[in-house]
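Come and look along with me.

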Amino acid sequence: MKLEVCSFTGYKVYPSRGRTYIRGDGKTFHFLDSKTESMFHQNKNPRKLAWTPIFRKIHRKGISEEVAKKRTRRNVKYSRAIVGLSLDAINARRNEKPEVRSAARLEAIAKLKAARKEEAAKKKAARAAAAPQGGNQKVSKMQARGAPTKVKATSR
């Protein structure tokens with residue numbers, strides 16, 4: 001006994017049942033009944049028809065055994081030391097009071113400002129030492145970089 005498979009739904013078609021359609025190019029289609037044949041000729045998509053097994057499979061309908069759901073792995077958080085700081089130092093900073101933390105921040109900012117001021121003073125002194133002593137001359141940016149200057153010829 002040879003069983004055919006419906007070309008539209010995928011159901012088994014038993015002998016002496018269903019319909020067979022042979023297209024002009026010679027391809028043979030077997031259908032369960034006139035309904036499936038009609039849907040095929042209307043170019044309906046069996047995945048969009050709720051009564052077809054393909055639709056039911058795609059939309060997970062009528063699955064008797066529910067597959068055990070995969071457990072999602074939870075990320076475990078570890079506290080690790082950072083280069084230059086031990087874990088104890090990190091925890092101490094985390095647990096210190098806001099007043100202490102703000103005082104330390106202000107102190108660090110003051111220290112940075114002092115260092116920048118000192119650096120600016122050094123640069124100023126270096127510029128003063130390197131500047132020409134010839135008085136108050138205007139020097140263009142190009143001349144300061146060492147580019148050759150153009151001499152304007154004036155008629156007297």
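This is a predicted model: local features need pLDDT of at least 70, side-chain atom pairs count only at pLDDT 80 or more; totals for chains, interfaces and linings use all residues.

Entry 1: I looked up the surface next: the accessible surface of the chain comes to about 15,200 Å², and carbon and sulfur atoms hold 53% of that.

**Entry 2: order of elements.** I found 5 helices and 4 strands in the chain. Read from the N terminus, the order is β-β-β-β-α-α-α-α-α. I also checked contacts between residues at least 6 apart in sequence, and 26% of these join residues at least 24 apart.

Entry 3: How do strand 3 and strand 4 run relative to each other, parallel or antiparallel? I noted antiparallel, with 4 bridges joining residues 19-22 of strand 3 to residues 28-31 of strand 4. Ile22 faces Thr28 across the pair. The hairpin has 5 residues between its strands, and there I saw Gly26 with a positive phi near 95°.

**Entry 4: Phe29 and the core.** I then asked which residues make up the largest nonpolar core. My list has 7 residues: Cys6, Phe8, Val13, Phe29, Phe31, Met39 and Leu49. Setting aside residues up to four places away in sequence, Phe29 touches Ser7, Arg19, Thr20, Tyr21, Arg23 and Phe40. Two of those names, Arg19 and Arg23, come back in my next entry.

**Entry 5: salt bridges.** A reminder to myself: side chains of opposite charge can pair when their charged atoms come close. How many salt bridges does the structure hold? I wrote down 4, and I looked at some of them one by one.

- Arg19 pairs with Glu37, with the closest N and O atoms 3.0 Å apart. This pair links distant parts of the chain, since Arg19 lies in strand 3 and Glu37 in helix 1 (residues 34-41), 18 residues apart. Glu37 is buried because its relative accessible area is 12%, while Arg19, at 44%, counts as partly exposed.
- Arg23 pairs with Asp25, and here the closest N and O atoms are 3.3 Å apart. Arg23 has a relative accessible area of 35%, so I call Arg23 partly exposed. Asp25 is at 57% and is therefore exposed.
- Glu96 and Arg101 meet through their side chains at 3.9 Å, N to O. Glu96 is at 27% relative accessibility, so Glu96 counts as partly exposed. Arg101, at 33%, is partly exposed as well.

**Entry 6: Thr36.** My last stop was Thr36, which is found in helix 1. Is Thr36 buried or exposed? I have Thr36 down as buried, because its relative accessibility is 1% and the cut-off for buried is under 20%. The side chain of Thr36 reaches the backbone oxygen of Asp33 at 2.9 Å. Leaving out neighbours within four places in sequence, I listed the contacts of Thr36 as Cys6, Phe8, Thr9, Phe31 and Trp51. Cys6, Phe8 and Phe31 were already on my page, as they are among the residues of the largest nonpolar core.

Notes:
Residues are numbered from 1 along each chain as its sequence is written. Side-chain values use heavy atoms; hydrogens and water are left out. Two strands pair if DSSP finds at least two bridges between them. Helices (H or I, at least four residues) and strands (E, at least two) are DSSP runs, numbered from the N terminus. Buried means under 20% relative accessible area, exposed over 50%, partly exposed in between (1.4 Å probe, protein chains only). A nonpolar core is a set of buried Ala, Val, Leu, Ile, Met, Phe, Trp, Tyr and Cys residues joined through side-chain atoms within 4.5 Å. Contact means heavy atoms within 4.5 Å. Accessible areas come from the Shrake-Rupley method with a 1.4 Å probe; for residues, only the protein chains shown count as cover. A polar contact is a pair of N or O atoms within 3.5 Å; within protein, one must be able to donate a hydrogen and the other to accept it, and residues adjacent in sequence count only if both atoms are side-chain atoms.
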